[in-house]
Amino acid sequence: MSAGINHYKTDLREIFFTLFEQFGFGQVAGQAPFEAWGPDEARAVLQETYRFSKEVLGPLNTTADREGCRVEDGTVLTPKGFKDAWKLLWEQGFKTVGVATDHGGQGSPMMLQVAVEEMLCGANAAFNMYPGLTFGTAETLAECGTSEQKKKYVEKLLNGTWGGTMCLTEPHAGSDVGSAKTTARRNPDGTYNIRGTKIFISAGDHDLAENIIHLVLARVEGAAPGTKGLSLFIVPKRRVSADGSSGQPNDVNLGSIEHKMGINGSATCVLNFGESDGCLGELVGGVEHIGMSQMFKMMNGARIAVGIQGLGLASTAYLNALEYAKERKQGGHFTKWKDPTSPRVPIIEHPDVRRMLLEMKAHVEGIRALIVKLAMHTDKAKQLAGKDDDRAAYHRGQVEVLTPLVKAYASDQSFRLCAQAIQVYGGAGFIKDYPVEQYCRDSKIFSIYEGTNHIQAMDLVGRKLGQAGGAHFQQFMEDVGGFIEANREHKTLGSEVKALAAAQEGLMSSAMVVLGWSQDAAKVALIPLSANRFLQMMSEVAVGWLLLEAAVLAEKSTEKLSPTDPDRAFYEGKKWSALWYARNVLPGVEQAARLMVQEDASPMQIPDAAFAASL
């Protein structure tokens, strides 16, 4: 292993609270299909994941950022230490905690899996791209592949023998996937000749595995234009022989790797398929023209994973900034700021630093709760399937509406919070001696890939609000409303619960505004103009709700503690996270609702030339 310095930090006590106290892991675990799991087993996995993250992945983060990837003889060479880390990761089972046992996994609830992923991502986001894409490829084939394809590919993907990718983006298309030009020509033996170029392919080539299995969107000759004409193909870097071994090259060639702002240890590749007309692919599931629906299974998982990436980096940035603030002495106490002879104090005693730290703490805890909430819905939907279909449908619907929130809000806030961590450090945060400048650079990509955050916002307002006749959104609002009614007169948090109620009302009124725009051709442009604002509003309502819910639980738990119990300070922190967010963020939802009603269309009304007359 490369001898780097570990900067990764997390708060296991906070993770334990979210899983076990707020979202009832113990009530989900122990029941089919999670019979083998309980809180004790989960704690052991989390403690071991934290050890691995600190001892193996964390020390590679800075060194890999500075070394980056390079190309030799047409192959990507990853940073020093990545090969050993890849081997250990799969051997110790960290990526298969939540994988079904019939695919060789450990079958845990998703609630545990997302907590594991938070630590792996937070310790080394660039490294975790490689197994993350591999995991997504395996999951997609396990769900969509034929029985022969599952047998052929899934096991070797899930034990790290092979890597995996998703190949959507093309040079001319960007996010406009439907304009893809990559072609697939049918062969008499049932295979297809694949030809085209894909760009921005994370983990598209590397030296960690003996083969790489690409999932490639392509258009079969004669297929319809747009996304409806796309099919999904399994395209190995090296052809897979009848005995399951990796054979001859499959005419998949590395064009180049990108030199990026961040995640420099992750190879972002240009891949050329079929330059010599020798690239063979097989149709996922054996069915043409359903490629986008198949790929969306992987993309939805990837969008949740991006939210987890954002949480992982924001959390470690916050905890590093907190540690620095406790140690760095600068300036006198604010009550003696005119006295040059007063003792220098740790900067955590300065009001503005405390403000920034509490803002970071509240957002990190709230985003973690949002992600675990989504995972809990996934677990319960799985448990109730075939037993109580109505409740299972409710939980699946909540996963649908929360997914764009998790992806977009977590990634937007991650970059902002990492930048704020730099501000806590001051000038020291801007230099490479401390980890927060890398966290900031690494986190910027999260709002861009797996569908830009505007795509998430349009998915929310264009699809999710009206899904199931609007039932999913309405059920979300009812869940928030149920909490409000139960706690409106809370002795400590009542005022803040009323602030949540006002924010909820603003969100509902804005949803009705969007509905009105959708029915008025003259105002339809207002929907994309306001979609990002609406997503942020809904995210803030969700996070405010979950922070207040945590604070209510923490206060009840405090009542059972002795005056000297160390958990008192922890629970006190939960209260202040909720109070700060309710007082400083939730009022902004009401203001955003007022802005929605104003129907400002100035970005559409300004002439192109008026943006910069000299260009």
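How many of the 37 residues of helix 8 are buried? The count is 28, so helix 8 is mostly covered. Buried means under 20% relative accessible area, with a 1.4 Å probe and protein chains only.

Some ground rules. This is a predicted model, where local features need pLDDT of at least 70, side-chain atom pairs count only at pLDDT 80 or more, and totals for chains, interfaces and linings use all residues. Residues are numbered from 1 along each chain as its sequence is written, and side-chain values use heavy atoms, without hydrogens or water.

Helices here are DSSP runs of H or I, at least four residues, numbered from the N terminus.

Next, the second largest pocket. A pocket is an open set of points on a 1 Å grid where a 1.4 Å probe fits, with protein on both sides within 12 Å along at least five of seven lines. Lining residues have an atom within 4 Å of a point. This pocket has 20 of them, and Tyr318, Leu322, Leu358, Lys361 and Gly573 lie nearest its centre. Helix 8, helix 9 and helix 16 each supply at least two lining residues. Helix 9 gives the most, with 7.

Technical notes
Buried means under 20% relative accessible area, exposed over 50%, partly exposed in between (1.4 Å probe, protein chains only).
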